[in-house]
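Hi,

Here's the structure I said I'd pass on.

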Amino acid sequence: MADPSSIRLVFMGTPEFAVPFLEALISARFQLVGVLSQPDRPRGRGQELSPSPVKACAQGHNIPVFCPATLRDGHALSCLQDWNPDVVVVVAYGKILPGEILSLPRHGCVNVHASLLPSFRGASPIVWAVRSGVPESGVTLMLMDKGMDTGPVLKMLPIPLQDDETSEGLAGKMMDLGPGFLVRGLIEYLEGKLIPVAQAGEFSLAPMIRKEDGRISFASMSAIEIDRHVRAMNPWPGSYLESSLGNLRIHRGLVLSGPNSPNKPGEVIGVSSAGIDVCCETGLYRILEIQKPGGRRLKVSEFLSGTPVSPGFFLG
């Protein structure tokens with residue numbers, strides 16, 4: 001068995017999602033010679049400059065950290081050359097790696113991607129998996145090449161999606177199951193037990209989600225699509241609809257069974273403590289939890305006590 005303590009490893013990652021993967025490599029006693037992460041950013045209500053979660057974790061373990069603004073000015077390459085890694089492990093770093101970095105470690109750059117490749121290549125695979133309604137996603141361990149998530153696959157970890165799966169919930173499952181999967185797969189790869197296999201089958205893309213992507217349109221989306229959308233955009237950027245009450249954020253809802261309504265999309269046809277029932281392009285969607293601008297997340301029963309909404313009102 002490969003001795004992890006003899007393997008010089010550099011970790012590249014940024015968000016909270018990547019932290020348990022770094023901690024698993026530390027616990028497995030790999031020789032962590034350095035960590036690359038994104039530069040400090042303004043965070044929170046006060047917008048104070050704060051380190052990324054990965055940087056904070058590395059500093060807590062006294063691991064050298066470098067946070068370059070770019071990977072293409074030679075400074076990151078020089079740092080990596082000094083660290084001289086046998087392998088680089090990348091988990092949600094947030095930037096494309098140039099060829100001179102990809103070719104530096106003798107065992108290459110190994111990436112943890114949050115989908116079953118070639119499905120959902122790109123920056124937001126978890127969100128797009130939930131929004132697309134696929135029954136299964138997972139984690140892929142792959143060797144990186146110059147393309148975007150196009151490199152050969154080493155190993156996959158399938159994870160089934162529940163009917164009410166949210167992006168937050170799916171990410172949590174990957175953070176629970178993925179770190180051990182990474183450690184086992186990395187050791188197997190370093191021992192020569194995993195042979196890289198070219199990706200096969202039809203690919204799909206998962207482009208970066210923007211704040212405006214959270215918008216709901218009852219006129220152009222079915223009830224099923226809206227339900228998936230609300231669950232996919234949880235927690236960020238959140239789902240919102242435009243109305244005379246301002247932009248209302250929808251936190252939770254469900255698809256109602258039954259025939260299509262003759263009413264117009266966006267029209268409220270039912271209001272009760274159980275929810276607000278809205279016509280969609282096809283089908284009916286019941287809003288269960290909602291938030292007004294500047295307010296807090298409320299159950300519909302609480303929302304209605306201070307905001308009169310009745311059948312015939314239009315949303316989105």
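A salt bridge here means a side-chain nitrogen of Lys or Arg within 4 Å of a carboxyl oxygen of Asp or Glu. Bear in mind that this is a predicted model. Searching the whole structure turns up 13 salt bridges.

One of them pairs Asp-40 with Lys-55, with 3.0 Å between the closest N and O atoms. That pair ties together distant parts of the chain: Asp-40 sits in the loop between strand 2 (31-36) and strand 3 (41-43), while Lys-55 is 15 residues away in helix 2 (residues 53-60). Lys-55 counts as buried because its relative accessibility is 15%, whereas Asp-40 is partly exposed at 27%.

Glu-242 and Arg-215 also form a salt bridge, closest N and O atoms 3.5 Å apart. Here too distant parts are linked, with Glu-242 in strand 10 and Arg-215 in the loop between helix 6 (167-190) and helix 7 (223-232), 27 residues apart. Then there's a salt-bridge network made up of Arg-210, Glu-212 and Asp-213; within it, Arg-210 and Asp-213 come to 3.2 Å at their closest N and O atoms.

Back in strand 10 (residues 239-243), look at Ser-239. Ser-239 is buried, at 1% relative accessible area, and a polar atom of its side chain lies 3.5 Å from the backbone oxygen of His-229.

On the surface, Ile-96, Met-148, Phe-203 and Leu-205 make a nonpolar patch with about 390 Å² of accessible area together. Met-148 is in the loop between strand 8 (136-143) and strand 9 (153-160).

Cheers

Technical notes. Residues are numbered from 1 along each chain as its sequence is written. This is a predicted model: local features need pLDDT of at least 70, side-chain atom pairs count only at pLDDT 80 or more; totals for chains, interfaces and linings use all residues. Side-chain values use heavy atoms; hydrogens and water are left out. Patches are made of residues with over 30% relative accessible area and no salt bridge: like charges are joined within 9 Å, nonpolar side chains (Val, Leu, Ile, Met, Phe, Trp, Tyr) within 5 Å. Accessible areas come from the Shrake-Rupley method with a 1.4 Å probe; for residues, only the protein chains shown count as cover. Helices (H or I, at least four residues) and strands (E, at least two) are DSSP runs, numbered from the N terminus. Buried means under 20% relative accessible area, exposed over 50%, partly exposed in between (1.4 Å probe, protein chains only). A polar contact is a pair of N or O atoms within 3.5 Å; within protein, one must be able to donate a hydrogen and the other to accept it, and residues adjacent in sequence count only if both atoms are side-chain atoms.
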